[in-house]
Amino acid sequence: MRLYRAHAVVLRTHPIGEADRIITMLSPEKGVIRAVAKGVRRTSSRFGSRLEPFSVVDLQCYEGRSLDTVTQVSVIYPYHQLITRDYDLYTAGAVMVETTEKVAEDDEPNPRIYELLVGALNALSRRRHAPDLVVASYLLRLMTIAGWSPSWTVCAVCSNMITEPFFSVESGGVVCEDCLSPNAFNPGSEVIKLGAQLTKGNWEEADLAPPAIAHDLALLATKYTQWHVERKIRSVAVRERG
Ligand SMILES: [Zn+2]
């Protein structure tokens, strides 16, 4: 069995057997890793509470056929403690790690996704911006890395300038009145403006957004991301069956 070392963000854990847990993590070099942490649920565990969601760890694992096995772990950034202390931070972080797993799964490792996630968890844990803004910004930039960046200024279908701020998840962003799809909706011009600011990384302007607008954009970004993730999961399933 081959031993390897990696930095990783813990995305999710779930219990297995009497005292073990499967830890799902994202590493810059290896992508999504699934590894067993043996005895981690015992109070005497040598892993302690180091393998918890949001934390960034330095780990050593044995490579297995389907699951790896954690042999050593140390915490680099204890985001778990900082984020789970507050309900708003926790729900924001949960959306980010859950989406990341689905976007990164079955793909080549992408260090840019890892860096983006660590940066977002850092911003969240330090309350550098409103949690809704961190979520929206993270999801929009994740979509950009995945090649699904939404259009905010010109119609996603015909590239004409838009007059009313209609947004269509299926069409890939704002759409003009000629290209309206049945599911297009009008989230309001302030939400569209904020989406454009966050996509450009313009935090100075974005931080001034009213909380309700930030919340609506976070919902829009979540909806947009979910649609792409579901389409991706379906195409992976077709590939595996074929
Ligand atoms: Zn159009």
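Are C155 and C179 buried or exposed? C155 is buried, and C179 is buried too. Here, buried means under 20% relative accessible area, exposed means over 50%, and partly exposed lies in between (1.4 Å probe, protein chains only). The model is predicted: local features need pLDDT of at least 70, side-chain atom pairs count only at pLDDT 80 or more, and totals for chains, interfaces and linings use all residues. Residues are numbered from 1 along each chain as its sequence is written, and side-chain values use heavy atoms, with hydrogens and water left out.

C155 and C179 belong to a metal site. The zinc ion is coordinated by the SG atoms of C155, C158, C176 and C179, at 2.3 Å. Donors are N, O and S atoms within 2.8 Å of the metal (3.2 Å for Na, K and Ca); water is not among the atoms, so sites may look incomplete. Along the chain, the donors of the zinc ion follow the spacing C-x2-C-x17-C-x2-C. C155 lies in the loop between α4 (131-145) and β6 (166-168), and C179 lies in the loop between β7 (173-175) and α5 (189-200), so the pair ties together parts that are 24 residues apart in sequence. Helices (H or I, at least four residues) and strands (E, at least two) are DSSP runs, numbered from the N terminus.

The geometry of the zinc site is tetrahedral, with angles of 105 to 114° among the four donor atoms. Four donors count as tetrahedral if all angles lie between 85 and 135 degrees. The ideal angle for four tetrahedral donors at a metal is 109.5 degrees. S159 lies in the loop between α4 and β6. S159 has a positive phi of about 70°, although it is not a glycine.

The domain assignment gives domain 1 (3-80) and domain 2 (129-241). Such bounds come from an automatic or database domain assignment. The C-alpha centres of domain 1 and domain 2 lie 33 Å apart.

Charged pairs were searched across the whole structure. The search finds 10 salt bridges. A salt bridge is a side-chain nitrogen of Lys or Arg within 4 Å of a carboxyl oxygen of Asp or Glu. Side chains of opposite charge can pair when their charged atoms come close.

One of the salt bridges joins the side chains of E52 and R21 (3.9 Å, N to O). This pair links distant parts of the chain, 31 residues apart: E52 is in the loop between β3 (31-37) and β4 (56-62), and R21 is in strand β2 (residues 20-27). E52 is buried, at 17% relative accessible area. R21 is partly exposed, at 21%.

A second example lies within a helix. E98 and K102 meet through their side chains in a salt bridge (3.4 Å, N to O). Both residues lie in helix α2 (residues 87-104), four residues apart, which is about one turn of the helix. E98 is partly exposed, with a relative accessible area of 46%. K102 is partly exposed as well, with 33%.

K232 forms a salt bridge with D107, and the closest N and O atoms are 3.5 Å apart. K232 lies in helix α7 (residues 211-241) and D107 in the loop between α2 and α3 (111-125), so the pair ties together parts that are 125 residues apart in sequence. K232 is buried, with a relative accessible area of 11%. D107 counts as partly exposed, at 44% relative accessibility. Salt bridges that share partners also join R12, R34, E101 and E105 into one network.

D106 is found in the loop between α2 and α3. Its phi is positive, at about 65°, although D106 is not a glycine. Most residues other than glycine have a negative phi. D106 counts as partly exposed, at 48% relative accessibility.

M1, L3 and Y62 form a nonpolar patch on the surface, with about 340 Å² of accessible area together. Accessible areas come from the Shrake-Rupley method with a 1.4 Å probe; for residues, only the protein chains shown count as cover. Patches are made of residues with over 30% relative accessible area and no salt bridge: like charges are joined within 9 Å, nonpolar side chains (Val, Leu, Ile, Met, Phe, Trp, Tyr) within 5 Å. M1 lies in the segment before β1 (3-16). M1 is exposed, with a relative accessible area of 80%.

E18 is in the loop between β1 and β2. E18 is exposed, with a relative accessible area of 77%. The C-alpha atoms of E18 and T99 are separated by 29 Å, and the two residues are 81 residues apart along the chain.

Note on methods
Four donors count as tetrahedral if all angles lie between 85 and 135 degrees; four count as square planar and six as octahedral if opposite donors are over 155 degrees apart and all others between 65 and 115; anything else is irregular.
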